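Let's take a friendly walk through a protein model, one piece at a time. Have a look at the picture, then read on.

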Amino acid sequence: MPDAVYPIRPDPQIGDVISAWSNQTAHGARPLPAKQRALARIGLVLIAALLAFLGGMAVMAGANTLLDVRLDPTIVYPAAGVVSLVALVLVSRPRPCVSYVGKDGVQENVALPLRKKDAVMRWADAEALFVREREESGSGGAYQGTSYAVTFRDREGRVLFDITGLRHDRGMWAHESEHWDFAKAVIERWSAMRWERAEREKRDTGLATFRAGDKRLRVGEQRLLLDDEELTPASVARITLGDGVLSIHRKGAVEGIFRSKGIDRFQVADVADFDVVLRALERWGRFSISAG
C-alpha cells in the first residue's frame, strides 16, 4: 500500500521484510470499506441497545430498592443507550495494526483496547502449522462468518504464534479481509519452506514425515505409511476431502453408520502442514484426492 505508514518497525529477528501491511496512513487510520463500516455500525447499535436494556433495568431496580424512587423508563433507557453507544464507539475506534512477513520470521503488532499484542516468531523455531477454518451460524442456521485460526507449534506442541479472526465470505456482508490476506501470506511463506524441508527429508530417508491427529503420516514414492501400516495407490480405493475432513478409504473398506472398517478420517485442523501433505500425497504418493 503506497500510502501506508508503519508506526512499529519490524523486529530484527524476522530478517528482511518480504511483505507488510498497516492500517495507518499519514492522515490517521485507514477507513474501512463501506460494507464493513455499515456492519460495524449495526453491530454497535445492537450491542448498545442490549446494554441499555440491561443497564436500565439495573438502574431502575437499584433506585427502587435502595432509594425507594421510581424512575421514568422513557428517560432511563434512552440515557443508558446513549452512554453505552458512546462508550462502545470509544472502545472500538481503530487502533494501529501492523504485520510483517520476513525472510526469517513473522510479526504482528495490534493495539487492543486494554493491552498490546506484539507477537514475533522465527521460522526456524516452528515445527508445524495447523490451520482451522469453520463457518459460524446463528439461530436458524444463518451464516455469520468464517472463523479462522492459523497456529504454529514447536516440537513440544507449544503455541509459538497464532493469527485468529472472523471473515465474511458470502452473503450481503461479504467483503475482502485484509487480516485473512495476511494469514494466507504467512501460510504461503511457511508452506514453501516446509516443502523444501520435506524434500530434504525424503531425499535423505525416502520418506517425509507429518503429524495427522495422533498418527504419524509418512509419504514417499508411491507409498504412504500411517504409523507402521504401508499403503500404495493400488491398495487405496480413494482419498476424499470435504467438510474439513480428509478420508482415506482402503480397497474393501466398509462404511457403517456407527463404525467403519478400513477408513481413516482426519480433521484438517489436526493435520500439520496440511497444504504440504496434500502436495506430497499427489506428487510423490501418486494418490488422487477428490471432493468428498
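What follows covers a sheet with its helix, a hairpin, and some loop residues.

This is a predicted model, in which local features need pLDDT of at least 70 and side-chain atom pairs count only at pLDDT 80 or more, while totals for chains, interfaces and linings use all residues. Residues are numbered from 1 along each chain as its sequence is written, and side-chain values use heavy atoms, with hydrogens and water left out.

**The sheet and its helix**

Helices (H or I, at least four residues) and strands (E, at least two) are DSSP runs, numbered from the N terminus. Two strands count as paired if DSSP finds at least two bridges between them. With that in mind, find the open sheet of three strands, in the order β7-β8-β9, where the pairing is antiparallel. At its edges lie β7 (128-137) and β9 (159-167), each of which pairs on one side only. From one strand to the next, the twist averages 10 degrees; axes here are lines fitted to C-alpha atoms, for helices over the stretch in contact, and angles run from 0 to 180 degrees between N-to-C directions.

Strand β8 (residues 143-153) is joined to β9 by eight bridges. Residue A149, for example, has T164 in β9 as its bridge partner.

Which strands does helix α3 touch? Helix α3 (residues 178-205) packs on the sheet and touches β7, β8 and β9, and its direction makes about 35 degrees with that of β8. Contact means heavy atoms within 4.5 Å. In the loop between β9 and α3 sits S177, which touches Y148 and R167, leaving aside residues up to four places away in sequence.

**The hairpin**

Strands β10 and β11 (residues 215-220) pair in the antiparallel sense over five bridges, and A212 stands opposite K215 in β11. The two strands form a hairpin with two residues between them, and G213 in the turn has a positive phi of about 65 degrees.

In a regular strand the side chains alternate between the two faces of the sheet.

**Loop residues**

Buried means under 20% relative accessible area, exposed over 50%, and partly exposed in between (1.4 Å probe, protein chains only).

| Residue | Relative accessible area | Class |
|---|---|---|
| D68 | 65% | exposed |
| D227 | 31% | partly exposed |
| S177 | 13% | buried |

Most residues other than glycine have a negative phi. D68, however, has a positive phi near 55 degrees, and D227 also has a positive phi near 55 degrees.
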